[in-house]
Amino acid sequence: MKFSNLFVPTLKETPKDAEVVSHQLMIRAGLIRKSAAGIYSYLPLGLRVIQKFEAIVREEMNKAGAQEVLLPMVVPGKLWKKSARWDQYGRELLRFTDRKNQDFCLGPTHEEVITELIGSHITSYKQLPINVYQIQTKFRDEIRPRFGVMRSREFVMKDAYSFHETPEDLDLTYEAMHKAYVRIFERCQLRFKVVNADSGSIGGSESAEFMVTADTGEDEILETDSGYAANVEAAETVAIPDPEMEVGQPEAINTPGTKTIDALATFLNKSPETLVKTLIYITDDQEPIMILLRGDHTLNEPKLKNVLNGKGVRPAKEAEIVDICGVTPGFLGPLKTQKPCQVLVDHSVPLNGDLTVGANELDTHIVHVQLSRDCGLTERYDLRNAVPGDESPQGGTYKSTRGIEVGHIFKLGDKYSLAMDKTFLNANGKTAPFIMGCYGIGIGRTVAASIEQCHDEKGIVWPTELAPFHVDVIVAKPKDPEHTAIGDQLYKALLDSQWDTILDDRSDISVGVKFKDAELIGFPVQCVIGKITSETGEVELIKRDTGDRVSVKPDQVLSTINSWLIT
């Protein structure tokens with residue numbers, strides 16, 4: 001490819017609406033352009049990077065025994081209704097009707113489609129296991145798309161789905177996919193962590209996320225020196241000891257205007273640790289749930305759903321709270337509610353401690369409350385977000401890093417096969433639901449995550465396997481016949497040696513602009529035919545990641561580049 005023929009509209013200035021480095025550099029380097037909120041066009045250089053990553057993914061998926069398919073992006077609504085996710089998934093699911101008034105959606109994920117497909121054709125355990133994958137466009141109607149292609153509405157994903165006779169068989173494929181993912185991200189020279197994760201709306205019994213570490217990462221990772229790591233949504237906490245102590249009788253006190261924990265702590269001159277935060281949630285079947293947390297802690301909604309065996313929940317509206325407790329938020333508590341509700345206590349709140357709770361009365365709290373004595377509560381649960389400094393059940397204390405989720409693997413079990421009534425005959429001749437796993441990688445997200453890790457003040461620093469071109473042959477004086485001839489010769493030799501090479505033959509710009517474009521786009525090697533060539537007949541090679549520079553004879557260019565880029 002010659003630069004003079006390439007569509008690559010680079011920018012000198014950083015776009016005002018680009019918040020993170022990857023978004024800024026993908027626009028400035030001419031990789032993407034915005035079409036609408038959360039929807040982007042990939043330009044030639046951006047598409048080359050995407051295709052290179054897809055090739056790595058395909059190689060490793062095929063090596064792991066998966067077969068490639070292509071499922072429809074437009075999905076019949078009846079499949080999602082069959083799995084009960086049509087209403088559960090929320091407004092991120094873009095629903096529409098066709099001219100026959102039939103419901104459809106743009107697939108944000110494809111568990112329903114693949115379960116229907118495989119379940120309709122696989123009838124015996126002898127045909128299992130089977131693992132299929134696709135690389136395809138998805139759509140999730142994000143309420144606030146941001147960070148460029150890292151949190152977009154339309155995106156490309158590799159999603160794989162495996163079908164098994166037994167959980168033990170699933171374990172084998174899950175481990176094989178885990179290893180394949182490690183190979184994929186290692187080949188991309190990414191620094192990443194594999195962390196325990198919550199399965200979210202996908203569901204299942206176990207999942208793990210592959211997180212590229214970056215200061216700009218949306219996700220918080222909690223890890224210990226022992227090697228345990230988890231997404232903050234899945235990080236477990238240790239129950240504090242519940243002391244045996246004598247507590248005075250409950251006493252209502254006037255606490256005017258103290259609607260927040262901080263205001264109450266200041267008013268009472270107490271530590272937030274001794275105050276109880278009360279939250280009201282409503283389940284999918286309209287049952288109220290009261291959650292009691294320590295004043296300085298926050299609720300972890302995925303943990304709450306897990307305690308409720310996967311039942312969906314939402315924060316109660318103010319009118320619902322008043323109906324249940326008789327007062328607006330700020331003075332809620334477990335005593336004297338107007339309507340009965342299930343009470344769940346986080347295991348950082350002592351059942352036998354001396355606590356302060358809301359009185360369910362305006363401007364009033366109750367001190368000296370003992371939950372075991374005054375509320376009859378006997379159970380505690382892990383309901384809160386873990387924080388740095390907390391003890392981990394796996395040993396050690398948590399410390400925090402940031403990460404970008406680029407891959408997620410799940411043990412789905414029989415969630416979808418049961419919901420969609422897809423079964424086979426097992427080895428005992430009995431009908432059984434398929435045991436499933438699913439395995440996703442964000443294609444564009446991984447490319448963006450690579451830029452978040454691999455950049456400097458000049459621009460992108462591509463790992464070799466992802467670079468749109470490996471070598472940029474820069475002819476400083478394209479009107480000099482000798483320089484042009486050397487550039488053409490090196491360009492052809494590098495192409496013949498299987499190095500993706502671009503020849504910067506542009507004659508209408510300065511060599512300084514050529515260098516800035518090369519650094520901004522991030523080609524791993526610049527091969528410069530310029531002043532040194534005129535003086536000594538040598539070519540200057542510049543390594544993008546280290547800045548190393550060497551001058552070599554043209555016949556030494558290939559061996560030098562090989563030594564730099566082949567690991």
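The model is predicted, so local features need pLDDT of at least 70 and side-chain atom pairs count only at pLDDT 80 or more, whereas totals for chains, interfaces and linings use all residues. Residues are numbered from 1 along each chain as its sequence is written, and side-chain values use heavy atoms, with hydrogens and water left out.

The protein chain contains 16 helices and 30 strands; helices (H or I, at least four residues) and strands (E, at least two) are DSSP runs numbered from the N terminus. Its C-alpha atoms fill a box of roughly 95 × 65 × 50 Å along the principal axes. Of the 567 residues, 51% are buried, that is, under 20% relative accessible area with a 1.4 Å probe and protein chains only. Among contacts (heavy atoms within 4.5 Å) with a separation of 6 or more, 68% join residues 24 or more positions apart.

Strand 5 is joined to strand 6 (residues 103-106) by three bridges, and Thr 97 has Asp 103 of strand 6 as its bridge partner.

The largest nonpolar core has 60 residues. Such a core is a set of buried Ala, Val, Leu, Ile, Met, Phe, Trp, Tyr and Cys residues joined through side-chain atoms within 4.5 Å. Leu 31, Phe 53, Met 61, Tyr 181, Ile 184, Phe 185 and Trp 462 touch the most other members. Beyond its neighbours within four places in sequence, Phe 185 is in contact with Phe 53, Leu 190, Phe 192, Phe 210, Val 406, Gly 407, Ile 441 and Thr 446. Apart from this core lies another, of 26 residues, including Leu 79, Trp 80, Leu 93 and Ala 432.

Helix 5 (residues 111-119) is mostly covered, with seven of its nine residues buried. These are Glu 111, Glu 112, Val 113, Ile 114, Thr 115, Ile 118 and Gly 119.

Finally, a search of the whole structure finds one cavity of 30 Å³ or more. A cavity is a set of points on a 1 Å grid over the protein atoms alone where a 1.4 Å probe fits but cannot get out, and lining residues have an atom within 4 Å of a point. The largest cavity has a volume of about 40 Å³, the volume being the space filled by probe spheres set on the points, which are joined across faces, edges and corners. Its lining comprises Phe 147, Met 150, Thr 216, Gly 217, Glu 218, Ile 404 and Arg 445.

Definitions and conventions
Two strands pair if DSSP finds at least two bridges between them. Buried means under 20% relative accessible area, exposed over 50%, partly exposed in between (1.4 Å probe, protein chains only). On a 1 Å grid over the protein atoms alone, a cavity is a set of points where a 1.4 Å probe fits but cannot get out, and a pocket is an open set with protein on both sides within 12 Å along at least five of seven lines; lining residues have an atom within 4 Å of a point.
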